[in-house]
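My notes follow the picture.

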Amino acid sequence: MRRLNRKKTLNLMKELDAFPKVPESYVETSASGGTVSLIAFTTIAFLTIMEFMVYRDTWMKYEYEVDKDFTSKLRINIDITVAMRCQYVGADVLDLAETMVASADGLIYEPVVFELTPQQKELQRMLQLIQSRLQEEHSLQDVIFKSAFKSASSTALPPREDNSLQSPDACRIHGHLYVNKVAGNFHITVGKAIPHPRGHAHLAALVSHESYNFSHRIDHLSFGELIPGIINPLDGTEKIASDHNQMFQYFITVVPTKLHTYKISAETHQFSVTERERVINHAAGSHGVSGIFMKYDISSLMVTVTEEHMPFWQFLVRLCGIIGGIFSTTGILHGVGRFVAEIIFCRFRLGSYRSTSVPLPDGHTSNHLPLITENSTH
């Protein structure tokens, strides 16, 4: 009984076989079929390699939502060199809530030489080249996000390698400040800032106008958590003043950003910027104060950037689709090509038979095919 049940089960499974085997004696091979098979295998191998490269790669997914966090503080990371002595300039922040954040809360004034060394110039030129490419090809920003890493190292230019005896003629203002998460104005102008009932003021009366020189270099400016490896829009910017009384303005829109990659997970900020500069001339109607002014505003939208990877099951599905699709397509094309070739060859053969000449008894010839009778077969 058990043997009978096994035989019935095997017979039932054979009837359900969706992949019947054809005996080799019934299989006919051809040179055209071998050529098509070789092309199919080569195409499958090439597309499999390409699909594996896509599977190994990652991409950045961007999601947008309303930023509901307005109570936390915003960190501003600053590294700017101004072509004036440190005792002549002052930096601070004044926001729309009329809250003043003095530079003493986190900024360092360091006397330096404004002129860069050859090595520093080369690094700055490289950074400016990267900035120009980023403006042309926005997809490079994804590559920068992937290569970002957490580190405590500074992103400023390396220190001077020469022991120059030249006296410092500039002031490097670097460090970070914590401000309210509202629109504000970070500025560097003549004189140190002092509190004022209606805002604040700078002691500029003791500084001669002839010593004004707001040529500057922005080695780094970012908002939020400091992430080395991220290149910001103003990094590497250098401006040379053409007049003593000149104003440089930067209008910045800050976008809160959450960055989640396979290397880091951080909350930082991206920003876009537009620039403007003009000479202060009250007689010509160009009013204002000489200095460097960075007016920033906070966007109400938050961007979440996530690095994603193709799942392994999706890679298998796509791979099966490639293999099955190429086999099916090449089989259909081979069958159609063989069918067309047989039709053409059959017509060619019929044409050759019809053109055969048959001699007649009276000396004439006939181009028609001779009739086959019973007597002709004997």
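These entries cover an annotated segment, a disulfide and a cavity.

Ground rules. I am working on a predicted model, where local features need pLDDT of at least 70, side-chain atom pairs count only at pLDDT 80 or more, and totals for chains, interfaces and linings use all residues. Residues are numbered from 1 along each chain as its sequence is written, and side-chain values use heavy atoms, with hydrogens and water left out.

Entry on the segment. I looked up the UniProt record, an unreviewed entry, and it lists residues 35–55 as "transmembrane region"; such annotations may be inferred rather than shown by experiment. In the model, residues 35–55 are 100% helix and 0% strand, with the end C-alpha atoms 30 Å apart. Helices here are DSSP runs of H or I with at least four residues, and strands are runs of E with at least two.

Entry on the disulfide. I searched the whole structure for disulfides (cysteine sulfur atoms within 2.5 Å) and found 1. C86 and C171 form the disulfide, with sulfur atoms 2.3 Å apart. C86 sits in the loop between β2 (73–82) and β3 (89–95), and C171 is in strand β6 (residues 170–180), 85 residues apart. I noted both C86 and C171 as buried, meaning under 20% relative accessible area with a 1.4 Å probe and protein chains only.

Entry on the cavity. How many cavities of 30 Å³ or more does the search of the whole structure find? I got 1. On a 1 Å grid over the protein atoms alone, a cavity is a set of points where a 1.4 Å probe fits but cannot get out, and lining residues have an atom within 4 Å of a point. The lining includes F186 and I252, while β10 (216–224) and β14 (291–298) each supply at least two lining residues.

Notes
Buried means under 20% relative accessible area, exposed over 50%, partly exposed in between (1.4 Å probe, protein chains only). On a 1 Å grid over the protein atoms alone, a cavity is a set of points where a 1.4 Å probe fits but cannot get out, and a pocket is an open set with protein on both sides within 12 Å along at least five of seven lines; lining residues have an atom within 4 Å of a point. Grid points are joined across faces, edges and corners, and a volume is the space filled by probe spheres set on the points.
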